[in-house]
Amino acid sequence: MSLLEVSNLRVTLRTARGPVEALREVSFAIDRGETVGLIGESGSGKSITALALMGLLPDGAGVEGSIRLGGRELVGLAERDWCRLRGDRIGMVFQEPMTALNPLHPIGRQIAESLRLHRGAGAAAARAEALRLLERVQLPQAARRLDAYPHQLSGGQRQRVVIAIALACGPDLLVADEPTTALDVTIQREVLDLIAELVREDGMGLLLISHDLGVMARTVQRLLVMYGGIVAESGPTAAVFEHLAHPYTRGLFAARPRIGLARGTRLATIPGRVPELAEMPVGCPFAERCELVIDACRAGLPAAVALGAGHEARCLRVQP
Ligand code: ADP
Ligand code: MG
């Protein structure tokens, strides 16, 4: 049994124009100590996937299928139980650290709060542990900064604090949604290397969402390529990079060297755009932009074709 098992996840969002499907037939697993990357253009459904794992979908969202963490079903969990789980078994790091921190409270207290809430730690023990965590995320002058407020830190330092909060209770799974997008390029790599190092040390599972192909190549063992709310291709990172099996994956990597991806290599631009949810076709969501499209692609969602050990692509044109 994997640490996280997502099967046939379907997420429906409520909009002014009625319900729309944001995720369809999304299935993947993350083992303990395994690092998995989620890539895809903006609007592909990456953040909706992350939010579903944390029970943070917008009000009125419908969730079908299964999300199991350590064997426990999370779909249908009461809000009270989600609160116990978040920050305890699942740590999360989002794009913008300022929104994750309370501007009115010193950072040490914000880390300690999680320990007191989930672990019932006393005030002194929680403060000592907060210091240890700030040192662990390599915040310079951690002891002096325990009583600093978020606005007194740089963006990169704030994201280190968010990571410290995410790690406070020793979660089984860390979900990081574009954790460095809001940071300066020079800081991005440091923060990602820090996350990778902490995940390795603690043996957590990691779901890392990033646009940066170079980061993915260095950081994650497996890749999920998402498009139009489906997982178009998934497999060991090296196999996905080598075969580029799905036409969408090929598009993402187009005009990029296959190996030795430079720092900050971003996804290439494919002609056309990601469909709006309200106009999502019943068939392959990539059909409109695909050079290899045939009529059958529009008839229904293509089944996943096995390509090798743990490697598959949802495409009728892929060569097994
Ligand atoms: P990504 O993180 O891959 O850029 P998202 O998961 O944020 O993409 O969004 C996937 C799709 O869901 C997009 O079409 C987006 O417009 C839509 N979406 C996101 N949040 C909502 C919402 N609260 N209500 C309606 N549609 C939404
Ligand atoms: Mg997003």
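A bit of housekeeping before going on. This is a predicted model, with local features needing pLDDT of at least 70 and side-chain atom pairs counting only at pLDDT 80 or more, while totals for chains, interfaces and linings use all residues. Residues are numbered from 1 along each chain as its sequence is written, chains are lettered from A and ligands numbered from 1 in the order in which they are written, and side-chain values use heavy atoms, with hydrogens and water left out.

Back to that largest pocket, then: about 440 Å³ of space lies in it. It has 17 lining residues, and M92, A100, Q110, S114 and I165 are the closest to its centre. A pocket here is an open set of points on a 1 Å grid over the protein atoms alone, with protein on both sides within 12 Å along at least five of seven lines; a cavity is a set where a 1.4 Å probe fits but cannot get out, and lining residues have an atom within 4 Å of a point. Points are joined across faces, edges and corners, and a volume is the space filled by probe spheres set on them. At least two lining residues come from each of β6 (90-93), α4 (107-119) and α7, and α4 gives the most, with five. Helices (H or I, at least four residues) and strands (E, at least two) are DSSP runs, numbered from the N terminus.

The second largest pocket has a volume of about 250 Å³. Of its 12 lining residues, P247, G251, I270, R289 and E291 are the closest to the centre, and the lining as a whole divides into seven nonpolar, two polar and three charged.

Now for helix α8 (residues 185-202). Its end C-alpha atoms are 26 Å apart, which agrees with the 26 Å that its 18 residues should span at 1.5 Å a residue (the expected span is 1.5 Å times one less than the number of residues). Its buried residues are Q188, R189, V191, L192, L194, I195, A196, L198 and V199; buried means under 20% relative accessible area, exposed over 50%, and partly exposed in between, with a 1.4 Å probe and protein chains only. Among the elements that cover them are β3 (35-39), α5 (123-136), α7 (155-167) and β8 (205-209). After α8 comes G203, with a positive phi near 65°.

Twelve residues line it, with T180, T181, Q188, S210 and D212 nearest its centre; the lining has four nonpolar, five polar and three charged residues. The second largest cavity, at about 60 Å³, is lined by C284, F286, A287, C290, C297, P302, C315, L316 and R317. That lining is eight nonpolar, no polar and one charged.

What about the cysteines? The structure holds zero disulfides, taking a disulfide as a pair of cysteine sulfur atoms within 2.5 Å. For C315, the nearest cysteine sulfur is that of C290, 6.1 Å away, and C315 is buried, at 9% relative accessible area. C83 is partly exposed, at 40%, and its nearest cysteine sulfur, that of C169, is 13 Å away.

Technical notes
Contact means heavy atoms within 4.5 Å. Ala, Val, Leu, Ile, Met, Phe, Trp, Tyr, Cys and Pro count as nonpolar, Asp, Glu, Lys and Arg as charged, and the others, Gly among them, as polar.
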